[in-house]
Number of protein chains: 2
Amino acid sequence: MTAVELIEKKRDGDTLTANEIRWLIDAYTKGVVKDYQMAAMTMAVFLNGLTAEELAVWTDAMMHSGDVLDLDMIAKPKVDKHSTGGVGDKVSIPLVPMVAACGVAIPMISGRGLGHTGGTLDKLESIPGFTTNLDRERFTSILEQYGLVLAGQSKSLVPADRKLYALRDSTGTVPSIPLISSSIMSKKLAEDLDGLVLDVKVGIGAFMKDEASARTLAKTMVGIGSAHGTTTVAYLTRMDEPLGLEVGNASEIIESIAVLRGDGPADLTEVTMVLAAEMLVLGGIEGSLETANKRLAQVIASGEALELFGQVIEAQGGNRDVIDDPSLLPKASHRFEVKAPASGYVRAVNALAVGRAAMSLGAGRETKDQKVDPGVGITLHAKTGDSVEQGAPLATLAFNDHDRVEAALALLREAWEIGEALTPQELIIDRIDG
Amino acid sequence: MTAVELIEKKRDGDTLTANEIRWLIDAYTKGVVKDYQMAAMTMAVFLNGLTAEELAVWTDAMMHSGDVLDLDMIAKPKVDKHSTGGVGDKVSIPLVPMVAACGVAIPMISGRGLGHTGGTLDKLESIPGFTTNLDRERFTSILEQYGLVLAGQSKSLVPADRKLYALRDSTGTVPSIPLISSSIMSKKLAEDLDGLVLDVKVGIGAFMKDEASARTLAKTMVGIGSAHGTTTVAYLTRMDEPLGLEVGNASEIIESIAVLRGDGPADLTEVTMVLAAEMLVLGGIEGSLETANKRLAQVIASGEALELFGQVIEAQGGNRDVIDDPSLLPKASHRFEVKAPASGYVRAVNALAVGRAAMSLGAGRETKDQKVDPGVGITLHAKTGDSVEQGAPLATLAFNDHDRVEAALALLREAWEIGEALTPQELIIDRIDG
């Protein structure tokens with residue numbers, strides 16, 4: 001078997017055998033198949049696709065390119081959640097303690113933000129002392145003790161994806177549904193899960209701008225999960241405007257704590273509850289989404305979910321007092337308000353523009369090696385459907401560096417559309433299962 | 001401009017601008033655009049193609065990636081010939097002195113053989129002392145003095161093609177008509193020509209197995225030549241069986257000398273004469289193919305063509321006595337005859353099988369770093385249309401290494417098809433001009 005033969009097959013629209021795919025991924029991970037060969041292969045995959053069977057094997061081969069977690073020692077059902085990424089999308093942070101408080105174990109391994117979308121790791125690391133860099137022993141011990149753990153990806157987990165993602169990024173093959181699906185699913189399935197809930201974002205602030213592509217991506221990932229024997233459910237949720245009112249890092253931790261107190265913004269709470277309820281059902285803790293919702297409401301009302309979040313913050317080296325005292329979190333030194341240029345109803349808040357503005361203030365990173373400023377961000381005061389008066393605040397920018405404000409403002413001034421009243425669209429577009 | 005942006009454009013079926021293509025080729029030659037990026041780009045080109053305008057610029061950019069010959073000091077018209085490669089295809093060797101003897105200058109730069117097809121350089125280098133490694137000064141001086149020169153490609157000529165061809169070879173993007181065309185034409189157009197004749201081989205022993213692909217390749221190359229302002233004519237010629245009776249290196253020199261004496265095999269002589277006549281017309285030496293043929297017959301009959309070949313052999317360091325004494329050429333130490341298994345008419349001699357058999361004896365190379373054995377080869381005794389008796393010789397193998405004979409024999413035994421009489425097909429399939 002040679003790389004050229006396999007590239008030629010895929011180039012000509014033929015189907016690769018399981019053996020061929022496993023050889024390719026293994027040889028690429030080991031450096032036997034070269035970057036330039038894999039670049040040609042991924043372009044052929046981009047243009048000619050992979051069948052469902054090829055994709056299942058491809059994902060499995062990626063997953064087995066490195067260490068795979070063995071969580072047999074965890075007696076609880078293990079379910080995780082993944083989002084394709086959006087602006088203000090801090091759902092994982094309140095969701096994980098809520099679901100864990102109900103008895104599902106969540107071995108969550110997250111990524112960092114890149115471009116206009118934030119990353120769960122960056123948000124968590126705004127908590128003083130909090131580390132997501134956990135070795136295998138500490139990861140398992142926290143998971144065993146608390147039923148949840150919030151970790152970063154170790155280098156030994158799915159090394160093929162690390163290599164392949166960097167290659168795709170520099171060769172124009174990022175937006176390929178089979179390649180995106182296998183990248184996400186190989187990392188999630190390596191967590192040794194019983195179930196997985198996917199939040200596939202749709203809209204201007206999402207990776208998938210249109211519903212049809214998002215649906216294809218969701219179905220593809222659900223298919224991979226099923227082929228692997230891990231029950232997977234995907235939700236299509238709207239990402240035209242930011243989720244919640246906070247876009248930043250420390251500020252999103254504060255908003256997440258509000259959700260855990262039962263006091264979060266309606267849209268953020270809705271998405272969190274829907275995905276959390278699905279996880280309880282997938283974990284076999286509840287028989288229906290209705291009873292799951294009741295159970296989640298209980299752990300919020302009782303304070304159990306918030307208490308658990310405090311415990312895991314402490315277990316991961318963070319200062320748990322941030323729960324009661326947000327002033328312990330990093331805070332930017334300056335504020336600037338964006339005012340409404342006219343009276344009327346908010347018809348849209350462009351999530352991409354807000355995400356880019358937050359990134360330009362330093363809340364996100366444009367390239368992987370940039371550092372994130374945890375205290376900066378944007379607070380929204382008016383979202384779609386709200387009425388505003390001319391001169392009323394639309395958003396507050398929190399910043400540390402005056403030189404960065406102008407670019408952010410230029411983006412934000414175009415972000416709000418104000419005009420006639422409208423009925424906001426449904427946040428949860430669809431549920432897709434196997 | 002970034003490589004990723006250009007890859008994405010071609011990936012999505014868009015057209016690249018002239019500036020974009022020139023930047024890409026230049027940046028790739030300099031190593032700014034990486035091999036893995038060019039691999040993704042060439043796969044996108046393979047699958048999505050290049051327009052005629054893109055291809056003209058691509059070829060021109062390749063050509064200008066290194067030195068371009070300036071042959072203004074040559075008063076004669078400059079015309080060259082290129083073949084896409086076949087088995088037993090030694091046409092260039094008798095053709096060049098014939099055409100040069102008529103007053104056309106030929107600055108021929110050739111390649112080495114790879115796979116089942118031989119290379120002009122390898123054949124010429126079987127002449128003791130002959131070198132094709134000529135510096136610029138020697139190249140020009142031989143061309144000025146004799147009106148012909150037979151050189152190998154210097155490293156400074158079209159370096160983009162050297163890099164790109166190696167990359168394509170290891171990434172499954174060799175058989176792409178735009179990429180093949182630009183590779184061939186960039187090298188030929190860098191020779192500062194007034195005209196170019198292309199021999200596009202069609203058939204089992206050729207790179208293009210079917211007439212339709214060969215026709216597309218021919219038209220594409222003629223189009224590139226016209227766009228560049230170099231009148232280009234292509235012939236489609238049949239390559240189902242080897243051309244002539246000799247497949248090897250030294251043996252093909254002997255057969256080439258026979259053509260120059262007016263004593264060559266009919267098929268080899270026919271192709272040589274047709275292409276040579278076209279070159280005289282393109283060079284403005286003769287007004288029609290008919291008068292060109294007469295002029296060529298004269299320089300053969302007078303011995304001028306053969307004499308000129310002797311002179312250029314000497315000028316390039318070779319022993320010109322080989323012309324009169326073939327025993328001065330390398331010769332293999334052993335012979336083996338393949339006999340006809342049955343009586344009847346030869347219906348086919350599989351050129352690919354014969355080419356591979358010759359390669360396996362050492363006449364060709366499978367990989368670039370292999371050395372060629374100049375004395376080994378195969379002599380055919382029966383070609384398509386000939387009648388044979390059972391037990392009569394079909395071919396003689398000349399070899400040095402007994403270990404290599406078995407593989408060659410296995411290929412050769414399947415090469416002849418013997419049965420009912422048939423009328424051989426026309427050798428010259430078509431002529432394509434701008």
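Because the model is predicted, local features were required to have pLDDT of at least 70 and side-chain atom pairs pLDDT 80 or more, while totals for chains, interfaces and linings use all residues; side-chain values use heavy atoms, with hydrogens and water left out. Residues are numbered from 1 along each chain as its sequence is written, and chains are lettered from A, with ligands numbered from 1, in the order in which they are written.

Of the area that chain A buries against chain B, 35% is supplied by Arg11(A), Tyr36(A) and Met43(A), more than by any other three residues. Four residue pairs are in polar contact between chain A and chain B, both residues being at pLDDT 80 or more. A polar contact is a pair of N or O atoms within 3.5 Å; within protein, one must be able to donate a hydrogen and the other to accept it, and residues adjacent in sequence count only if both atoms are side-chain atoms.

Helices (H or I, at least four residues) and strands (E, at least two) are DSSP runs, numbered from the N terminus.

Over all chains, 57 salt bridges were found. Within helix H10 (residues 211-228) of chain A, Arg215(A) and Glu211(A) lie four residues apart, about one turn of the helix, and they form a salt bridge with the closest N and O atoms 2.7 Å apart. Arg215(A) is partly exposed at 24% relative accessible area; buried means under 20%, exposed over 50% and partly exposed in between (1.4 Å probe, protein chains only). In chain B, the side chains of Lys9(B) and Glu20(B) meet in a salt bridge (2.9 Å, N to O). Lys9(B) lies in helix H1 (residues 3-11) of chain B and Glu20(B) in helix H2 (residues 18-30) of chain B, so the pair ties together parts eleven residues apart in sequence. A further salt bridge joins Glu255(B) and Lys90(B), with the closest N and O atoms 2.5 Å apart. This pair links distant parts of the chain, 165 residues apart: Glu255(B) is in helix H11 (residues 250-260) of chain B, and Lys90(B) is in the loop between strand E1 (79-83) and helix H5 (92-101) of chain B. Glu255(B) is buried at 6% relative accessibility, and Lys90(B) is buried at 1%. In chain A, salt bridges that share partners join Lys90(A), Lys123(A), Glu252(A) and Glu255(A) into one network.

Helix H15 (residues 351-361) of chain A is mostly covered, with nine of its eleven residues buried. The buried residues of H15(A) pack against strand E6 (246-248), strand E8 (344-349), strand E9 (377-380), strand E11 (393-399) and helix H16 (405-413) of chain A. At the start of H15(A), a side-chain oxygen of Asn350(A) reaches to within 2.9 Å of the backbone nitrogen of Leu352(A). Gly362(A), which follows H15(A), has a positive phi near 115 degrees.

Positive phi values also occur in residues other than glycine, including Val158(A), near 45 degrees. Val158(A) lies in the loop between strand E3 (148-152) and H8 of chain A and is buried at 0% relative accessibility.

Methods:
Buried area is the accessible area (1.4 Å probe) that two parts lose on being put together, summed over both. Contact means heavy atoms within 4.5 Å. A salt bridge is a side-chain nitrogen of Lys or Arg within 4 Å of a carboxyl oxygen of Asp or Glu.
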